[in-house]
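Visitor: Please show me the protein, and then let us talk through how its chain is packed.

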Amino acid sequence: MRRVVSLVPSLTEAVAVSAPGLLVGVTDWCTHPGDLGDAVRVGGTKNPDVRRITELRPDLVIANEEENRAPDLAALRAAGVEVLVTEVRDLPQALRELDRVLVGALGLTRPGWLADAERAWARVEPARTRTAFVPIWRRPWMVLGRDTFAGDLLARLGVRNVYAAHAERYPRVPVEELAAAGCDLVVLPDEPYRFTAEDGPEAFPGLPAALLSGRHLTWYGPSLAEAPAVLSRALRVAL
């Protein structure tokens with residue numbers, strides 16, 4: 001049995017659900033599934049404890065080019081640890097990368113939830129297009145820009161991100177500019193910043209606010225199978 005350390009919460013869930021027992025190390029942000037057994041916490045996604053990871057003697061560390069820092073991954077490789085780095089910018093790429101990790105790297109049988117996710121998104125029918133901006137942080141305000149996984153999911157559900165052509169992937173935008181963008185709604189996920197009904201919508205009075213599950217909007221793993229229904233329902237409530 002291979003020993004795996006995951007530095008990405010969504011990949012942690014993907015491995016844990018598909019092959020319980022493979023994970024020997026996970027980050028402090030890995031919250032799903034609730035029971036990760038004896039997996040050791042190895043720090044955050046941006047500040048993993050490289051020494052602790054190497055002490056776990058993993059056969060493979062799985063990471064992501066956006067969530068993890070290149071110097072940390074280089075340090076692991078320098079210590080002789082094999083590191084697989086994923087890149088996820090849209091839904092098709094997410095499905096391919098999950099296949100590459102689970103089937104290609106770990107030699108698992110393709111999990112049923114991955115096929116369920118493909119079917120669930122294939123059933124999504126085009127909806128009336130609404131324009132939105134998608135804050136992911138405040139103080140300062142930051143939004144989804146170009147080339148993001150979450151932006152691609154929203155587009156498939158009929159939500160056009162007005163900052164999708166921005167030069168940056170996560171630009172800082174003054175709240176006054178956001179409020180004046182002329183959008184149909186503001187989309188507020190509960191991660192990485194935890195927007196709530198009391199924290200976020202008040203900054204944009206008069207604009208419908210869709211409070212979305214960040215796990216269903218930004219994670220690529222088993223949650224993808226129920227994401228279309230969960231996200232669509234929240235968008236309908238807002239509108």
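**Packing and the nonpolar core**

Guide: Among contacts (heavy atoms within 4.5 Å) in the protein between residues at least 6 apart in sequence, 56% join residues at least 24 apart. This is a predicted model, in which local features need pLDDT of at least 70 and side-chain atom pairs count only at pLDDT 80 or more, while totals for chains, interfaces and linings use all residues. Residues are numbered from 1 along each chain as its sequence is written, and side-chain values use heavy atoms, with hydrogens and water left out.

Visitor: What radius of gyration does the protein have?
Guide: The radius is taken over C-alpha atoms, and the globule rule is 2.2 Å times the number of residues to the power 0.38. For 239 residues a compact globule would come near 18 Å, and the protein agrees, with 18 Å.

Visitor: Which residues have the most contacts inside the largest nonpolar core?
Guide: Such a core is a set of buried (under 20% relative accessible area, 1.4 Å probe, protein chains only) Ala, Val, Leu, Ile, Met, Phe, Trp, Tyr and Cys residues joined through side-chain atoms within 4.5 Å. The largest one has 51 residues, and those with the most contacts inside it are Leu-106, Val-187, Leu-212 and Leu-224.

Visitor: Which residues does Leu-106 touch?
Guide: Residues up to four places away in sequence are not counted here. On that basis, Leu-106 touches Arg-2, Val-4, Val-15, Leu-22, Leu-60 and Val-101.

Visitor: What percentage of the residues count as buried?
Guide: The count covers the 239 residues of the protein. The share that is buried comes to 50%.
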